[in-house]
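Colleague: I am new to this structure. Please take me through one part of it closely, starting at the surface and then going inside.

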Amino acid sequence: MSNVPSAMQPAFGSLTFFFPMWNEEEMILRTIGVATETGNDLIASGVLRDYEVLIVDDASTDATGKIADELAAADRRIRVVHHAETRKLAGSVRTGLAEAISDLILYTDADMPFDLDDLGKALRLMQVYDADIVSASRFDRTGEGAKRALYSHLYNSMVKLLFQLRLRDVNFAFKLLRREVLEHVELVSEGSFIDVELLSKAQRLGYYIIQFGVDYFPRERGTSTLSTPSVIMTIVREMGRLLPSVRRVEPLPEHTLRRR
């Protein structure tokens, strides 16, 4: 499966697959099944020493939490964190990043918008280019509709202009990052702007971010709320509120950053 050659010692230590979930009873079994299969393949091919699967249940009102607990009881590598009250995407992301215990963290959505086999390529790129973050972008997103594609184009253009973030498709849920990045990036966003906050602060601190393209599979089951007017307004408000603080972030000293 992997593009990373096997070796006597694994290329990487441990990795956390992190999935924020809210009412994902239709997806959870398939998603966690693919994650564990991918993790086992990466261990067998000498890429990883170990992995865990972390589910953050954002106070789901369906059977997501129950199913997650059953999966965790049956597999030591699966952990579940439950929110007593819904904290939305940003709250779930902050919880997951704080709870992840591995050397590397992959943050993505429960609806698996890409083939998890692409993780092998992302790890290969991280190793070859000694990157701190690998962020994926979609080759083609027209399958989700013209309106959402237009929103995405306008949003990414604003982000590039205001934050000098030299990346495409910044909100796409494929972020592979080294744990040490989180030791210096404090996330405060309450909405979907959290992806830009993470990437822009990391870039300004001096962390090396690379990007590659993946095939995109639009959600077919469950409900996405990321294009609703309320979510869009929250993103715009947070963009204005956090822009000054992001611009104040200064590069870390060279000795603090990993040597390449």
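Modeller: Tyr208 counts as partly exposed because its relative accessibility is 33%. The cut-offs are these: buried is under 20% relative accessible area, exposed is over 50%, and partly exposed is in between (1.4 Å probe, protein chains only). This is a predicted model, so local features need pLDDT of at least 70 and side-chain atom pairs count only at pLDDT 80 or more, while totals for chains, interfaces and linings use all residues. Residues are numbered from 1 along each chain as its sequence is written, and side-chain values use heavy atoms, without hydrogens or water.

Tyr208 sits in the loop between helix H7 (194-205) and strand S7 (209-214). Helices (H or I, at least four residues) and strands (E, at least two) are DSSP runs, numbered from the N terminus. With Val128 and Tyr129, Tyr208 forms a nonpolar surface patch of about 290 Å² of accessible area together. Areas come from the Shrake-Rupley method with a 1.4 Å probe; for residues, only the protein chains shown count as cover. Patch members have over 30% relative accessible area and no salt bridge; like charges are joined within 9 Å, and nonpolar side chains (Val, Leu, Ile, Met, Phe, Trp, Tyr) within 5 Å. A salt bridge puts a side-chain nitrogen of Lys or Arg within 4 Å of a carboxyl oxygen of Asp or Glu.

The surface also has a patch of negative charge, with Asp41 and Asp115 among its members. Lys and Arg count as positive, Asp and Glu as negative; His and the chain ends are not counted. A charge is placed at NZ of Lys, CZ of Arg, CG of Asp or CD of Glu. Asp41 belongs to helix H1 (residues 28-44). Asp41 is partly exposed, because its relative accessibility is 32%.

Now go inside, to strand S4 (residues 104-108). All 5 of its 5 residues are buried, so S4 is largely enclosed by the rest of the structure. In a regular strand, side chains alternate between the two faces of the sheet. Both faces of S4 are covered: Leu104, Leu106 and Thr108 are buried on one side, Ile105 and Tyr107 on the other.

S4 has partners; strands pair if DSSP finds at least two bridges between them. Strand S1 (residues 12-21) runs parallel to S4, joined by 4 bridges. There, Phe17 stands opposite Leu106. Strand S6 (residues 174-178) pairs with S4 in the antiparallel sense over 5 bridges. Here Thr108 faces Phe174.

Follow the chain on from S4. Met112 lies in the loop between S4 and helix H4 (118-129). Met112 is buried, because its relative accessible area is 13%. Its phi is positive, near 45 degrees, though Met112 is not a glycine. Most residues other than glycine have a negative phi.
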